[in-house]
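Please look over the sequence and structure below before reading on. The briefing that follows covers the ligand, the residues around it and the domains.

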Amino acid sequence: MKSPLSEIRQKDNLLNSITLDQLQVFEAAARHCSFTRAAEELFVTQPTVSMQVKHLAQAIGLPLFEQVGKRIYLTEAGKEVLHSCREIFQCLDRLETTIVDLKGMKQGKLRLAAVTTTKYFIPKLLKPFCKLYPGVKVALEFTNHEALLTRLNENLDDLYILSCPPNREDIEAKPFLDNPLVAIAPANHPFAKQHKLCLKNFAEEPLIVREEGSGTRKLVRQFFEQRGISPRINLELGSNEAIQQAVIDGLGLSVLSMHTLNCAEVRNQLAILDVDGFPIHRQWHVIFPKKKQLSITASTFLEYLLTETQQFSTDNDNPMQTVKTLWVQS
Ligand code: PGA
């Protein structure tokens with residue numbers, strides 16, 4: 001199948017003047033919807049980004065962005081060029097990886113995407129890996145659950161880490177670590193000292209949840225739905241840290257992954273409640289499309305992740321212990 005760029009190329013020889021630099025700058029600007037952020041990412045100036053995008057648009061003969069108010073949006077031509085751009089860079093990445101694999105060296109690029117909640121432990125697991133394979137360049141993107149699935153569909157990364165893998169035939173999902181979700185309150189809340197608190201009583205208190213698209217939010221919703229209980233949601237916040245602070249400040253109770261409580265200062269101001277049905281038992285999974293040919297670097301990391309986390313291995317009776325052991329070891 002012809003790519004949109006090759007079709008344009010046949011009609012217009014101006015494309016001979018397109019350079020990979022222009023495509024790289026354009027891709028970053030399109031991804032961020034911002035010339036300024038593209039410039040920051042690529043360590044160039046904002047006028048350089050504007051100039052490269054301008055030259056690319058001139059070569060193609062169509063505008064690639066349009067400005068509405070303060071924001072820039074891709075035009076139809078821009079979307080086509082972005083699509084082709086990604087194919088070109090993925091193809092070059094594959095070529096680089098193949099060459100490295102042919103040389104049998106543990107180096108190259110490892111692209112990981114992980115949900116925001118994993119930021120409390122993924123860097124710790126990555127550190128020894130990077131020491132072991134100093135030739136491997138790691139690009140790690142943290143996004144929420146929905147945004148991660150979009151990246152998966154666009155085939156942007158080698159491996160994806162989350163706790164609710166999509167129920168799809170074409171996806172390989174390997175569990176590797178416990179992810180208990182706990183009910184939390186301010187340390188001085190009357191519930192803090194109670195044992196075997198009834199879920200209905202917990203649900204009568206104001207509840208703070210993560211933003212739409214978050215995996216944590218999805219798990220909390222499923223948990224209450226399965227029990228036919230509607231919690232009183234009074235606040236939505238876009239990060240685990242913001243929720244912890246809001247709970248400490250007395251704005252409501254919440255349910256978060258135990259991994260988010262790794263900082264003693266925060267833990268001292270919060271209480272983990274003994275509520276019926278908690279902790280919610282979940283596991284972190286590493287996933288990738290079954291038909292994807294993993295590079296040597298990606299399969300080495302996959303093997304490392306599965307082996308390394310065995311020492312914190314799933315204790316069905318006490319998943320909280322897994323997380324605590326991980327805190328102690330790190
Ligand atoms: P989140 O995902 O960081 O988007 O809430 C967490 C999860 O998958 O459990």
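Predicted model: local features only at pLDDT ≥ 70, side-chain atom pairs only at ≥ 80, totals over all residues.

## Where the ligand sits

An oxygen atom of the ligand lies 2.4 Å from an N or O atom in the side chain of serine 163. The points below go through the contacts, the shell and the domains.

- In the side chain of serine 214, an N or O atom is 2.8 Å from an oxygen atom of the ligand.
- Histidine 145 takes part through its backbone: a polar backbone atom of this residue is 3.0 Å from an oxygen atom of the ligand.
- The protein buries 99% of the 280 Å² that the ligand exposes when taken alone.

**The shell around the ligand**
- The ligand is surrounded by 13 residues.
- The closest of them are Thr116, Thr117, Ser163, Ser214 and Thr216.
- By type, the shell consists of 9 polar residues, 3 nonpolar residues and 1 charged residue.
- Helix α9, which covers residues 215-226, gives the most to this shell, with 3 residues.

**Domains**
- The protein is divided into domain 1 (4-83), domain 2 (90-177 + 283-329) and domain 3 (180-281).
- Which domains does the ligand lie between? Domain 2 and domain 3 both give residues to the shell, so the ligand lies between these two.
- The C-alpha centres of domain 1 and domain 3 are 44 Å apart.

Conventions. Residues numbered from 1 in each chain as written. Heavy atoms only, no water. Near = heavy atom within 4 Å. Polar contact = N/O pair within 3.5 Å; in protein donor to acceptor, adjacent residues only side chain to side chain. Areas by Shrake-Rupley, 256 points an atom, 1.4 Å probe, with all protein chains shown as cover. Helix = DSSP H or I, 4+ residues; strand = E, 2+ residues; numbered from the N terminus. Nonpolar A, V, L, I, M, F, W, Y, C, P; charged D, E, K, R; others polar. Domains from an automatic or database assignment.
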